Amino acid sequence: MTGTEKLQLEIIERTAVLTIANPPANTWDETSLPALKALIQQLNDNKDVYALVITGQGEKFFSAGADLNLFSDGDKARARHMARIFGEAFETLSNYRGVSIAAINGYAMGGGLECALACDLRIAETHAQMALPEASVGLLPCAGGTQNLPWLVGEGWAKRMILMGERINAETALNIGLVEAVVEKGAARETALAWAEKVARQSPPAVRACKELIQSARSAPQRMGLPVERELFVDLFDTEDQKEGVNAFLGKRSPQWKNR
């Protein structure tokens, strides 16, 4: 389904689990990035899957980002190509119609952290380390890092991490709002699956509408978002799940979502 052995996909009930599997550091490259984009697009069409969990293979790395060997010769054409496919892959991930959860099971550096930033939620294991160190090698985060990080942690911490190259641990990441939970080593994947089960209890059309509104708040002023919020609320009355959800609650039973 993914077009590369560097991404391993498993479907567990209503959740897709994607493992970045490019040892030794689970780096992203010219094959895995387009494959990620294609995989997300296919999952968007799979109405049986409500959530996506992304993690890294092994115990040490979530992902160390890009393979710097790609940029060692200073080729601008390759740099432009890589920036484009990085951006396309992670923007597609950010726009995934369901809920995406990064299970950060080790180092998340550069493009690895940008992948986690593109997800809706992040869980870090206690030994995880996170950084955007691109400026230390004469580069910059080009896959959403300079845009997504300040939204989560504020301008000050974003500048500490990007302009100073500061590496943070899981506890600091939790304190500044970069991750939503810290768990013991080896527990991120199972915790993410438990969160995904909670997602599956929500109406998929309602989740999609809520996610659209939350993410639009990054760029649109509140005065524009408020009327859209009201319109999307009314639009949900065109779905079968709206009727099912309300009547299930009134009937004191669990809803049976149809994702339509």
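Q: How do the axes of helix α7 and helix α8 cross, and within what distance do they come?
A: In this predicted model, the axes of α7 (residues 204-216) and α8 (residues 222-235) come within 10 Å and cross at roughly 175 degrees.

Q: Why are α7 and α8 called roughly antiparallel?
A: The crossing angle is roughly 175 degrees. Angles over 145 degrees count as roughly antiparallel, and α7 and α8 are therefore roughly antiparallel to each other.

Q: Which residues make the contact of α7 with α8, and how do they divide into nonpolar, polar and charged?
A: From α7 come A209, E212 and L213, and from α8 come G225, V228, E229 and L232. The residues of this contact divide into four nonpolar, one polar and two charged. Gly counts as polar and Glu as charged.

Q: What makes the pair of W28 and F90 edge-to-face?
A: The ring centres are 5.6 Å apart, where the limit for a pair is 6.5 Å. The planes stand at 80 degrees, and over 60 counts as edge-to-face, so the pair is edge-to-face.

Q: Where in the chain do W28 and F90 lie, and are they buried or exposed?
A: W28 is in the loop between β2 (15-20) and α1 (32-44), while F90 is in helix α2 (residues 76-94). The two are 62 residues apart, and the pair links distant parts of the chain. Both W28 and F90 are buried. Ring pairs also join W28, F86 and F90 into a cluster.

Q: What makes the pair of F233 and F237 edge-to-face?
A: The centres of the F233 and F237 rings are 5.5 Å apart and their planes are at 70 degrees, so the pair is edge-to-face. The structure holds four aromatic pairs.

Q: What puts K198 in the partly exposed class?
A: K198 has a relative accessible area of 48%, which falls between the cut-offs of 20% and 50%. K198 is found in helix α6 (residues 188-200). K198 and A51 are 147 residues apart in sequence, with their C-alpha atoms 9.7 Å apart in space.

Q: How do you know that β2 is largely enclosed by the rest of the structure?
A: Six of the six residues of β2 are buried, so β2 is largely enclosed. T15, V17 and T19 point one way from the strand and A16, L18 and I20 the other way, and all are buried.

Q: What pairs with β2, and in which sense?
A: Strand β1 (residues 7-12) pairs with β2 in the antiparallel sense over six bridges. Q8 has T19 as its bridge partner. Strand β3 (residues 51-56) pairs with β2 in the parallel sense, also over six bridges, and there G56 is the bridge partner of I20. Two bridges are enough for strands to count as paired. β1 and β2 form a hairpin with two residues between them, and E13 in the turn has a positive phi of about 55 degrees.

Q: What makes β4 and β9 edge strands?
A: Four strands form an open sheet in the order β4-β6-β8-β9, with mixed pairing. β4 (61-63) and β9 (168-169) each pair on one side only. β4 pairs with β6 (residues 107-109) in the parallel sense over two bridges, and F61 stands opposite Y107 in β6.

Notes. Residues numbered from 1 in each chain as written. Predicted model: local features only at pLDDT ≥ 70, side-chain atom pairs only at ≥ 80, totals over all residues. Heavy atoms only, no water. Axes fitted to C-alpha atoms, helices over the stretch in contact; angles between N-to-C directions. Parallel < 35°, antiparallel > 145°, perpendicular 65-115°, else oblique. Contact = heavy atoms within 4.5 Å. Buried < 20%, exposed > 50% of the residue type's maximum accessible area, 1.4 Å probe, protein only. Phe/Tyr/Trp six-rings, centres within 6.5 Å; stacked < 30°, edge-to-face > 60°.
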